[in-house]
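Hi,

Here is the structure I promised to pass on to you.

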Amino acid sequence: ESIWNIVETNEGILFQSFAYAFLYFPNGTIKQIKLPSNIHFFNNVRGKVYVPGIDQGIFELKNGRFEELQNSKSFFKGHSYSALFPSNEAENELWVGTSKGVFRQTKNGFLPLNTQLNVLLNKYKLNKAIKIKDGWYAFGTLLNGILICNENGEVIYHLNKNNGLGN
């Protein structure tokens with residue numbers, strides 16, 4: 001197996017190949033875990049490991065197996081994932097960056113974060129996102145630089161070639 005991603009988890013060290021995950025436990029044992037579908041990279045968010053499946057929703061690693069997040073398969077059908085990261089508002093809330101914008105996980109499913117932000121991310125093609133400090137987030141785009149936003153998804157800064165961001 002070719003291993004192309006490694007993530008530290010609360011359960012142990014998780015190794016990702018194309019067809020399987022391997023969980024290495026502190027006691028030296030290894031468990032092979034079948035992946036729920038073709039997947040993107042593992043994401044460690046507040047000590048929990050999430051993995052977006054290609055057209056299959058988002059899964060969380062729990063007790064050595066992957067469980068689908070409620071309503072994620074139907075909601076994210078046709079989306080391409082870019083990032084999964086923590087919100088500031090709620091301890092367990094997950095934000096999901098996709099080809100159609102950023103969505104926040106709620107008790108009732110997923111909701112768009114901010115219409116203005118999502119229009120820009122759709123137009124400029126979201127590539128990567130990260131929480132950079134309390135209440136601030138950076139969104140890297142393929143076509144027009146970086147958007148820095150607050151926890152409500154309001155754009156505070158837009159950095160691109162026109163205002164000093166190098167290529």
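Below is what I found in it, going from the whole chain down to single residues.

First, a caveat: this is a predicted model, so please read everything here with that in mind.

**Overall**

The protein has 2 helices and 16 strands. Its radius of gyration is 17 Å, close to the 15 Å that the globule rule gives for 167 residues, so the protein is as compact as a globular protein of that length. If you want a box, the C-alpha atoms fill roughly 50 × 35 × 30 Å along the principal axes.

Of the 167 residues, 44% are buried. The protein exposes about 9200 Å², and carbon and sulfur atoms supply 48% of that area. As for contacts with a separation of 6 or more, 30% of them come from residues 24 or more positions apart.

**Salt bridges**

Searching the whole structure turned up 2 salt bridges.

One of the salt bridges pairs Glu93 with Arg104, with the closest N and O atoms 3.6 Å apart. Glu93 sits in the loop between β9 (81-86) and β10 (94-98), while Arg104 belongs to strand β11 (residues 101-106), so this pair ties together parts that are 11 residues apart in sequence. Is Glu93 buried or exposed? Glu93 counts as buried, because its relative accessibility is 9% and the cut-off for buried is under 20%.

**Around Asn144**

Asn144 is in the loop between β14 (136-141) and β15 (146-150). With a relative accessible area of 17%, Asn144 is buried. What does Asn144 touch, leaving aside residues up to four places away in sequence? The list is Tyr124, His158, Leu159 and Asn160. With Asn160 there is a polar contact too: the two side chains are joined at 3.0 Å.

Leu159 turns up again in a nonpolar surface patch of about 320 Å², made by Ile156, Tyr157, Leu159 and Leu165. Leu165 is partly exposed, at a relative accessible area of 31%.

Most residues other than glycine have a negative phi. Which residues have a positive phi although they are not glycines? Arg46 has one of about 50°, and Asn71 has one of about 65°.

Both are in loops: Arg46 is between β5 (43-45) and β6 (48-53), and Asn71 is between β8 (65-68) and α1 (72-75). As for accessibility, Arg46 is partly exposed, with a relative accessible area of 39%. Asn71 is partly exposed as well, at 37%.

That is what I have for now.

Cheers

Methods: Residues numbered from 1 in each chain as written. Predicted model: local features only at pLDDT ≥ 70, side-chain atom pairs only at ≥ 80, totals over all residues. Heavy atoms only, no water. Helix = DSSP H or I, 4+ residues; strand = E, 2+ residues; numbered from the N terminus. Buried < 20%, exposed > 50% of the residue type's maximum accessible area, 1.4 Å probe, protein only. Polar contact = N/O pair within 3.5 Å; in protein donor to acceptor, adjacent residues only side chain to side chain. Contact = heavy atoms within 4.5 Å. Patch = residues over 30% accessible without salt bridge, like charges linked within 9 Å, V, L, I, M, F, W, Y side chains within 5 Å. Areas by Shrake-Rupley, 256 points an atom, 1.4 Å probe, with all protein chains shown as cover. Salt bridge = Lys/Arg side-chain N within 4 Å of Asp/Glu carboxyl O. Rg over C-alpha atoms; globule rule 2.2 N^0.38 Å.
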